[in-house]
Amino acid sequence: MTDAVLTAASTQVLAERRRFRMLRQLAAHRSFRIGLVLVTILVLCAIIGPMLTGIDPTAMSIRFRFKPPSARFPFGTDQYGRDILTRVLHGGRLSLSIGFSVALLSGIFGALIGVAAGYFRTLDPYVMRSMDALMAFPAILLAIGIGAALGSQASSIVVALAVAYVPRTARIVRASVLVIREMEYLQAARVSGAGDLHIIVKHVLPNSLAPLIVQLTFVFAYAILAEAALSFLGIGPPPPAPSWGNIIAEGRDYSVEAWWVMLFPGLAVSLAALGMNLLGDGLRDVLDPRLKVET
Amino acid sequence: MSAPPIVVVRDLVKTFAVRGAVLRAVDGVCFDVGPGETLGLVGESGSGKSTTGRILVGLDAATSGSIDLFGQQISSKAGKTALGAVRRRLQFVFQDPQNSLNPRMRARDAIAEPLDIAGGLTRAARNDRVRELLEMVGLPISCGDRFPHEFSGGQRQRIGIARALAMRPEFVVCDEPVSSLDVSIQAQIVNLLLDLQERLGLSYLFIAHDLAVVRSISARVAVMYAGRIVEIAPKRELYTLPRHPYTQALLAAVPRIRPNKTRGAAVVAGELPSQIDSVAGCTFHPRCPFAFERCRVEKPTLRAIASGHLAACHLHEPPYQPSLAS
Amino acid sequence: MAEQPLLSVENLTVQFRADAGWVTAIDGVDFSVRPGECLGIVGESGSGKSVSALSILRLHSPRSTRYASGAIHYGGRDLLTLPQHRLRQIRGGEIAMIFQDPMSSLNPVLTIGDQVTEPLRQHQGLSARAARRQAIELLDMVRISDASRRIDDYAHRLSGGMRQRVMIAIAVACRPKLLIADEPTTALDVTIQSQILALLRDLQREIGMSVILITHDLGVVAEFAQRIVVMYAGRVVESASVAALFERPMHPYTEGLIQAVPDPDRDVRRLATIPGNIPDPSTQIAGCRFNPRCRHAIKSCLAERPALIDAGAGHFARCPPRIAMGRIA
């Protein structure tokens, strides 16, 4: 049994080195770290922030209209005297949850559609041509159309953006599925009598998730930017409930006199999108080094 | 053969439509495998050996022909091979240790997968069986928790073999199981397969391109070229007295450490033609040093030229009845 | 009479950048090849044979590779310190290389002719027409039928064996002094392999070039090479003439490897094996890197890195206990 003994010793050595390699690589990746910090700060602010300031975001006060940033109002006030800092924090909750929901929805449906197209080859042409048709519309226009049809609430934005981004996620999943279905471990399951459902759940999906997750971080970033744009255009969560987009929209008319009204939510949107992009870059480089861009 | 064969293949054909032309990957293959026996299936790329193996376990559907497994006719209905109850008694060992294991599954889950698919075992019984299988293939029990990337190629191949044995099959198709392994590891895995055969009474269809490896494990060997079996014989006879010119060329081409004084020095010219269909007569004749007129027009059939030794070549006039009876 | 070697690698250590520092791929490797000679470098995966070959022409990525020690002597210069422009003159001109995978080694968007004429135009400054004429001759030389027509084909129309011939044509276009062949036939069928090896043998004689043949296949080196270097886990463990190596292997690894190769002409009950696994390059092993798998390991094998010892008649082995035994017997 010399083979077995020697085998044990060598697997021990291999295992210790590689087990946490991915986590270590992520921790060492500069973009990932920066992105993680940014996103964590923003999420924490969104969750805890509103409770800290204690101010009602919709509380109007004529006395404090158009106050520039000061100790009392760190981000200044808008035309109704509302504290911008509080509004940005509350808006963060809404905007970030919209981003998250869009990513989640487009991820789930993208996965379902991608698997259907990639695994069941007869469905592939029909599914992918429909996706192509959707992709032919610029995402914002599509979102405007759907949003207008569904009415101005946060949920209609989520649905609209999810529909706009599903072709992207479906495409990514389909690409993975096409590679995985040729893998021998899948055929091994078939030889043992596995049905399609078992194979999809146990083999196809777990191995397609990595590129999908990377894509979802980017979708999150796009969604936040898109929500800002849509609110700016008047479609989206209606005032007085703040979202980063509609704060910017309301500050539009006063962009010269009260620049702080647009600046701070704008910064928040940029930082959120940047953070998610950096996070996604890190994940992509670690999970699929072949896509790495040499710096 | 005393006991009835467990695998009987007759006139197996598999065609693919490739860019308008029809590719006959498997073109009328016939062979038997007895219980506890190893039939080696040897050929180069394009010979159809892997496709044959895959059809036997249902990974590909035959275009025509009959397959009898354990006395039961396997039906090929509308392009799908239905194995039915026979499925549990056959298994497959894959070539590539990289791709044959799901990178996200631990070794113990990969090995137990056939058990999980079939169902009906308690958790304890399942775990016991996994432990038993790990021991059988020479891996320590602690390996069960590890992921494929933590193992070497040879170890992954052992896991693949353990998985194949989970449901106690009687017949295992091994498709180039050692071709991707280093030489020193190849020997370990070949010995493991031999040990398992003795211990469990398995039959193997051992598919490979390496003649030397095939000799070390097979009892009988079949040589394939361009989708057909050109020669089939007991191991010693095939290697010492090959009758078909292709078999001779193949044996001569193997580079040897210990020079074989009996083999010819001729290097066979040419390559397997891309359009096999366009070759009339014997598919090998363009490369055959002994080709004559009949070879250019008539396709030779597999005929018995000695007891248990069949060859498809016009050079050998059949002294026996033209049937497969051996 | 010892002839001056054409190329000599001396104490070469190459390291690659990994997540946690540098990993040593080859450690103190020595070998040399004389003019007109064929040297075989044999090893399994992780042995460092390909790394050694790629180092000769400095083909490793400079950002992630470090030549920690050693020199590669060629034509009175050290190739490791040669400036880029001089190295480029040598690559393809005096030292050429062919690789393993015929499917990916040719550029799919250029014709065969474009690729064969490239070294001719670059190193010999030939005009397009002259280069094309010579390219057709080269394709003939590598036994591609109907060369004047095939020269305008694209790679995808050729089989693996033919692509390898084209690769060889590109490599020998400028009549190099040394051809490095990295597993040139591993991906080919055995009947095609014997054709390609025969071709290489004939070309070697015709052009008078030296060949370094890297392979894992002992049978191939036995038939093709005059001298063999055996590598294991980044080190040279044995070096000898072909006859001496197979008749009296001195290193336990070489011995084990030779025994583990299945023989197509003999029946055995079980194959001889080398127990254990090949170590990962990043694994630290004290002393001799083969000791965990060696049936004859003694205490000194675990303590110090064994030296490559001359056992006489050009036969070197990195196993002091064995050589000592050999001398007594």
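In chain C, D310(C) sits across from F316(C) of β12(C). That pairing belongs to a predicted model, and it is part of the link between β11(C) and β12(C), the latter covering residues 316–317. The two strands run antiparallel and are held together by two bridges. Zooming out, they sit at one end of an open, eight-stranded sheet in chain C, with the order β6-β7-β8-β3-β9-β10-β12-β11 and mixed pairing. Its edges are β6 (95–98) and β11 (309–310) of chain C, each of which pairs on one side only.

Chain C has another open sheet, this one of four strands, ordered β2-β1-β4-β5 and paired antiparallel. Here the edge strands are β2 (21–33) and β5 (77–78) of chain C, again with pairing on one side only. At the β5(C) end, two bridges connect that strand to β4(C), residues 65–74, in the antiparallel sense. One pair to look at is Y74(C), whose bridge partner in β5(C) is R77(C). A helix packs on this sheet too: α1 of chain C, residues 49–56, touches β1 (7–18), β2 and β4 of chain C. The direction of α1(C) makes about 110 degrees with that of β1(C).

Over in chain B, helix α1 also spans residues 49–56, and eight of its eight residues are buried, leaving the helix mostly covered. The buried set takes in K49(B), S50(B), T51(B), T52(B), G53(B), R54(B), I55(B) and L56(B).

Strand β10 of chain B (residues 220–225) has six of its six residues buried, so the rest of the structure largely encloses it. Both faces take part: R220(B), A222(B) and M224(B) point one way, V221(B), V223(B) and Y225(B) point the other way, and all are buried. What flanks this strand? One neighbour is β3(B), residues 38–42, which runs parallel to β10(B) and is joined to it by four bridges. Within that pairing, L41(B) stands opposite A222(B). Another neighbour is β11(B), residues 228–234, running antiparallel to β10(B) with six bridges between them. There, R220(B) faces P234(B). The β10(B)–β11(B) pair makes a hairpin with two residues between the strands, and A226(B) in the turn has a positive phi of about 50 degrees.

Among contacts in chain A with a separation of 6 or more, 70% link residues 24 or more positions apart.

The largest nonpolar core has 273 residues, and the members that touch the most others are L161(A) and I212(C). Helix α9 of chain A, residues 196–232, gives the most to this core, with 16 residues. Leaving aside residues up to four places away in sequence, L161(A) touches V102(A), A143(A), A223(A) and A226(A).

As for how the chains meet, the contact of chain B with chain A takes 30 residues from chain B and 23 residues from chain A. On the chain B side, β7 (90–93), α2 (107–118) and α4 (153–165) each supply at least two residues. The largest share, four residues, comes from α2(B). Sorted by class, this side of chain B has 13 nonpolar, ten polar and seven charged residues.

Chain B also meets chain C, in a contact that takes 33 residues from chain B and 38 residues from chain C. Helices α5 (183–200), α6 (211–217), α7 (235–240) and α8 (245–253) of chain B each supply at least two residues of the side touching chain C. With seven residues, α5(B) provides the largest share. This side of chain B divides into 17 nonpolar, nine polar and seven charged residues.

Key:
Residues are numbered from 1 along each chain as its sequence is written. Chains are lettered from A and ligands numbered from 1 in the order in which they are written. This is a predicted model: local features need pLDDT of at least 70, side-chain atom pairs count only at pLDDT 80 or more; totals for chains, interfaces and linings use all residues. A residue is buried if 20 or more other C-beta atoms lie within 10 Å of its own, exposed if 12 or fewer, and partly exposed in between; C-beta atoms are placed from the backbone. Two strands pair if DSSP finds at least two bridges between them. Two residues are in contact if their C-beta atoms, placed from the backbone, lie within 7 Å. Ala, Val, Leu, Ile, Met, Phe, Trp, Tyr, Cys and Pro count as nonpolar, Asp, Glu, Lys and Arg as charged, and the others, Gly among them, as polar. A nonpolar core is a set of buried Ala, Val, Leu, Ile, Met, Phe, Trp, Tyr and Cys residues joined through C-beta atoms within 7 Å. Axes are lines fitted to C-alpha atoms, for helices over the stretch in contact, and angles run from 0 to 180 degrees between N-to-C directions.
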